[in-house]
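Keep the structure open beside the text as you read.

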Amino acid sequence: GLTRAEVDALGDALLPTLIHPEDWPVIVQSLERCATMADGDTLENEYRLRHVDGSYRWVISRDVVFSRCEDGKPKIILGVATDVTTRHMIEQSRRRAEASLRSLITSTPLGIVMFDREGRFQHINQPLADMNGVAVEDHLGRQVSEVVPDLAEQADRLFTQVMATKSVIHNSLVVGETPKQAGVERIWRETWFPVMGEEEEPLGVGAIVEDITDQKRAEERIR
């Protein structure tokens, strides 16, 4: 956002003035590397530049040696800088969203699971692993039939339906046993949903699981 006159007025102070203080070491290292650059090499750096409005913009610069002194050291280095602030903002928003999701998954008492397109456990939170009585790591990469075989038929039916219809299944009741309590039948209320990719095709299926066994038993006693 500077005029040519303003750039000329800053002189050697241009870079120290405009580059974010936290990114200055990157530039120092880059200048040191320029001294040993071969012809045809491209030096790429990513850093923040201060705009005339006081904000900082992320840029990627790509520099090459244009001419050399008689001793072979770089004399003129040409570079092109591309503004990538929008990309950084998107990545930052994605990281915040992922952090919020991880916090939700780890703090909720509900079971949460993600399956890949082949129906293998891709992610499972601790509450659901506890419900199954199987460690988190012993779920990953395996089919439901390999972990909780008594629930496999019901889970496979729900998984297949969601993949085929790309729609959510709400409040489905699943009944059966898990390794946690062999021989003890429990009841879960589950919501299954597609995990969509950019091309509107499911990347897999997720489910939210709530153990309602005690609630159902209490309702039966009231009746």
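Lysine 166 is partly exposed, with 36% relative accessible area (buried is under 20%, exposed over 50%, partly exposed in between, with a 1.4 Å probe and protein chains only). The model is predicted, so local features need pLDDT of at least 70 and side-chain atom pairs count only at pLDDT 80 or more, while totals for chains, interfaces and linings use all residues. Residues are numbered from 1 along each chain as its sequence is written, and side-chain values use heavy atoms, with hydrogens and water left out.

Lysine 166 sits in the loop between H7 and strand S6 (169-176); helices (H or I, at least four residues) and strands (E, at least two) are DSSP runs numbered from the N terminus. Lysine 166 is not a glycine, yet its phi is positive, at about 55°. Most residues other than glycine have a negative phi. Asparagine 171 also has a positive phi, of about 50°, without being a glycine. Asparagine 171 belongs to strand S6, and it is exposed, at 52% relative accessible area.

## Salt bridges

Side chains of opposite charge can pair when their charged atoms come close. The structure holds 13 salt bridges, each being a side-chain nitrogen of Lys or Arg within 4 Å of a carboxyl oxygen of Asp or Glu. Three of them are set out here.

| Aspartate 39 | Arginine 68 | 2.8 Å |

What does the pair of aspartate 39 and arginine 68 tie together? Aspartate 39 is in the loop between helix H3 (24-34) and strand S1 (43-50), and arginine 68 is in strand S2, so the pair ties together parts that are 29 residues apart in sequence. Aspartate 39 is exposed, at 59% relative accessible area, whereas arginine 68 is partly exposed, at 27%.

The pair of arginine 62 in strand S2 and glutamate 44 in strand S1 links distant parts of the chain, 18 residues apart. Arginine 62 is partly exposed at 38%, and glutamate 44 is partly exposed at 46%.

Glutamate 118 is partly exposed, with a relative accessible area of 46%, and arginine 120 is partly exposed at 31%.

## A cavity inside

The structure has 1 cavity of 30 Å³ or more. On a 1 Å grid over the protein atoms alone, a cavity is a set of points where a 1.4 Å probe fits but cannot get out, and lining residues have an atom within 4 Å of a point. The largest cavity holds about 190 Å³ of space, a volume being the space filled by probe spheres set on the points.

Its lining has 16 residues, with Leu128, Val148, Leu151, Glu190 and Val209 nearest the centre. Strand S4 (111-116), helix H5 (126-132), helix H7 (152-165), strand S7 (186-196) and strand S8 (202-211) each give two or more residues to this lining. S7 gives the most, with 3 residues. By class, the lining of the largest cavity has 13 nonpolar, 2 polar and 1 charged residues; Ala, Val, Leu, Ile, Met, Phe, Trp, Tyr, Cys and Pro count as nonpolar, Asp, Glu, Lys and Arg as charged, and the others, Gly among them, as polar.

Conventions. 1 Å grid on protein atoms, 1.4 Å probe; cavity = no way out; pocket = protein on both sides within 12 Å on 5 of 7 lines; lining within 4 Å.
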